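Please read the following report alongside the sequence and the three-dimensional structure.

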Amino acid sequence: MTVRTLVVDDSLTMQALIRRTLSADPAIEVVGTAASAEEARTKIKELDPDVVTLDIEMPGMNGLDFLERLMRLRPTPVVMLSTLTSEGAEASIAALELGAFECFDKLALRREGEAIRLPALVRAASGTRRRLAPAVPAPVRSEHVEADYRPRDQAMIAVGASTGGVEALIELLSGFPAHCPPTVIVQHMPASFTASFAARLDRLCKPSVEEARAGAPLVPGKVYLAPGGDRHLEIAGSNGKRHCRLIQGPKVSGHQPSVDTLFRSVARCAGADAVAALLTGMGADGAEGMLALRDTGAVTIGQDEATSVVYGMPAVAQRIGAVVQQLPLRRIAARLLQECRA
């Protein structure tokens, strides 16, 4: 069964390039194109596509405004196309928060070996259609966070996420109190996105959220997001004096930074003092690292299938025995905090 796809872009040249890239995959059928939000709205009603590729910048109603209306009125899997500039990063993060499946760099369509990622994203996005529901804004913070919460000494939290992770991390961290355990996160993202995403999380959540820096000490009340790009985030140190380390190296489990690399370092440095969560995402990154954590006695949580945008990474972790407990997203923050309570 083919994935019926509508391409929305105001550039006829870009429409043709996207169509050619998608049509090279026999599992995808481009059923139409549109050059504006108004035309896209008409085509969606007429064609009922399985997936929409959507340009962020369009004349008239821009892609973000159109996405918000689409997800509210007629939820459809959407892959956003943008440029990976600082401005494009802000818009892309907003799109992911609104419910876009993933963002793809337009310039990658012209780079050999990278364009094939777009058909893979479209195929994966089509599998989420049955789970979509009219979008409801994520809560800014939990209504039941205890103001006097204190983590026990040595406790820390490690989290990994990929596709669907922007919304998931906003919901997860909205349940964290200001004085949360030191928390380290790998979210698969381009290098130009992570600083903007960390700033967005910092504005929305009670703890202080920042992009991880080499040598930054892990302290309560701080959340450290791995910078995207060509480095991995690890944790080093012991005896309660742990810190972030950014290391060069090849991709691990297909990613850089890698959740597996982070989790393995946490297993070495924190062991059973740590608690970890593996959230929504394509692929298997984080599963082996989570197994290493569980083998040390750490409590490990996997997001369940029903609340995952893509039940990939947590599914693999569950299958290999790395997960102590699967939970719906809304319950994961409370469980992590419970395990770290003083």
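Strands β8 and β9 (residues 222-225) run parallel and are joined by 4 bridges, where two strands count as paired if DSSP finds at least two bridges between them. Within this pairing, Ser208 has Lys222 of β9 as its bridge partner. Strand names here refer to DSSP runs of E with at least two residues, and helix names to runs of H or I with at least four residues, numbered from the N terminus. The model is predicted, so that local features need pLDDT of at least 70 and side-chain atom pairs count only at pLDDT 80 or more, whereas totals for chains, interfaces and linings use all residues. Residues are numbered from 1 along each chain as its sequence is written, and side-chain values use heavy atoms, with hydrogens and water left out.

The two strands belong to an open sheet of 7 strands, paired in parallel in the order β8-β9-β7-β6-β12-β13-β14. Its edge strands, each pairing on one side only, are β8 (208-211) and β14 (325-327). From one strand to the next the twist averages 20°.

| Helix | Strands crossed | Angle |

Another parallel pairing links β1 and strand β2 (residues 28-34) over 6 bridges, and in β2 the bridge partner of Arg4 is Glu29. Of the 6 residues of β1 (residues 3-8), 5 are buried, so the strand is largely enclosed by the rest of the structure. Buried means under 20% relative accessible area, exposed means over 50%, and partly exposed lies in between, as computed with a 1.4 Å probe on protein chains only.

In helix α3 (residues 63-73), the buried residues are Gly63, Leu64, Phe66, Leu67, Leu70 and Met71. They lie on the same side of α3 because they cover an arc of only 160° around the axis, the arc being that of the directions from the helix axis to the C-beta atoms. At the start of α3, the backbone nitrogen of Leu64 has a side-chain oxygen of Asn62 within 3.0 Å.

Two single residues can be followed in more detail. Ser308, in the loop between β13 (299-303) and α10 (313-319), is buried at a relative accessible area of 2%, and its side chain reaches the backbone oxygen of Asp304 at 2.7 Å. Ala168, in helix α6 (residues 165-174), is likewise buried, at 4% relative accessibility. Apart from neighbours within four places in sequence, Ala168 is in contact with Leu279, Thr280, Gln303 and Leu329.

How many disulfides does the model contain? The count comes to 0, a disulfide being a pair of cysteine sulfur atoms within 2.5 Å. For Cys180, which is buried at a relative accessible area of 0%, the closest cysteine sulfur is that of Cys340, at 9.3 Å, too far for a bond. For Cys244, buried at 1%, the closest cysteine sulfur is in Cys269, and the separation of 11 Å is again too far for a bond.

Definitions and conventions:
Axes are lines fitted to C-alpha atoms, for helices over the stretch in contact, and angles run from 0 to 180 degrees between N-to-C directions. A polar contact is a pair of N or O atoms within 3.5 Å; within protein, one must be able to donate a hydrogen and the other to accept it, and residues adjacent in sequence count only if both atoms are side-chain atoms. Contact means heavy atoms within 4.5 Å.
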